[in-house]
Amino acid sequence: MSRNPFRKSVGFYEVMATSYTRDAHSDKAYSQTKQMATEKESPRNVGFNIKDKHTERKKKYLTAKYGAHQMLLIKKRLGVEMWIFDELRKLYNSEDDDHDCELELEEILNLDTDSERREYALEQLHDAKQSQDVVNKFIEEMLKKAKTL
């Protein structure tokens with residue numbers, strides 16, 4: 001009995017090494033091994049449905065650790081954003097986020113002067129349901145909080 005030098009027995013399983021280059025001989029050897037594997041149906045064989053394996057993907061989550069100082073800054077900014085969100089609910093007399101106000105804290109922080117920030121905020125809050133005095137008071141308070149960030 002001649003032994004194939006690329007075939008090795010590991011326990012009950014027989015493993016065969018194949019070359020990395022693709023040629024007619026390696027394709028033929030691969031198809032023969034595949035055909036032999038499908039012909040041998042025994043109770044020890046386990047069938048895997050590869051299609052289901054590829055279609056079902058695990059959800060991946062990205063997490064990051066921040067230092068104490070960075071985390072403090074993040075919490076501070078989040079607090080200001082939540083305050084703005086709550087105040088917008090009051091200005092628009094709504095229980096949820098159904099107003100069309102696109103007021104963004106990032107935009108306010110990107111502007112250079114207080115007058116530009118005030119103008120941007122007034123432009124975004126033009127259709128608020130509260131009086132102009134209440135809107136102006138909100139803008140002043142928001143500008144104070146934005147300066148602390």
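## Terms and model

A residue counts as exposed when its relative accessible area is over 50%, and as buried when that area is under 20%. The structure described here is a predicted model.

## Helix 6

Helix 6 carries exposed residues D133, K137, K144 and K147 on the face turned away from its buried side. The buried residues of this helix are V135, F138, I139, M142, L143 and A146. Viewed down the helix axis, these buried residues fall within an arc of 135°, so they line one face of helix 6. An α-helix has 3.6 residues a turn, so residues three or four places apart point the same way.

In length, helix 6 has 16 residues and spans 23 Å between its first and last C-alpha, close to the expected 22 Å. Its buried residues pack against helix 3, helix 4 and helix 5.

## The nonpolar core

The largest nonpolar core has 20 residues. Those that touch the most other members are I84, L88, L91, L103, L125, F138 and M142. Two or more core residues come from each of helix 3 (68-91), helix 4 (105-110), helix 5 (114-124) and helix 6 (132-147). Helix 6 gives the most, with six residues.

L91 is in contact with L125, A128, K129, Q130, V134, V135 and F138, leaving aside neighbours within four places in sequence.

## L122 in helix 5

L122 is found in helix 5. Its relative accessible area is 33%, so L122 is partly exposed; a buried residue would have to be under 20%.

Residues up to four places away in sequence aside, L122 touches Q132, V135, N136 and I139. The C-alpha atoms of L122 and I139 lie 7.9 Å apart, while the two residues are 17 apart in sequence.

## The chain as a whole

The chain contains six helices and two strands. Along the sequence they follow the pattern β-β-α-α-α-α-α-α. Among contacts between residues at least 6 apart in sequence, 51% join residues at least 24 apart.

Of the 149 residues in the chain, 17% are buried. The accessible surface comes to about 13300 Å², and carbon and sulfur atoms account for 53% of that surface.

Methods:
Residues are numbered from 1 along each chain as its sequence is written. This is a predicted model: local features need pLDDT of at least 70, side-chain atom pairs count only at pLDDT 80 or more; totals for chains, interfaces and linings use all residues. Side-chain values use heavy atoms; hydrogens and water are left out. A nonpolar core is a set of buried Ala, Val, Leu, Ile, Met, Phe, Trp, Tyr and Cys residues joined through side-chain atoms within 4.5 Å. Buried means under 20% relative accessible area, exposed over 50%, partly exposed in between (1.4 Å probe, protein chains only). Helices (H or I, at least four residues) and strands (E, at least two) are DSSP runs, numbered from the N terminus. Contact means heavy atoms within 4.5 Å. Accessible areas come from the Shrake-Rupley method with a 1.4 Å probe; for residues, only the protein chains shown count as cover. The expected span of a helix is 1.5 Å times one less than its number of residues. The arc is that of the directions from the helix axis to the C-beta atoms.
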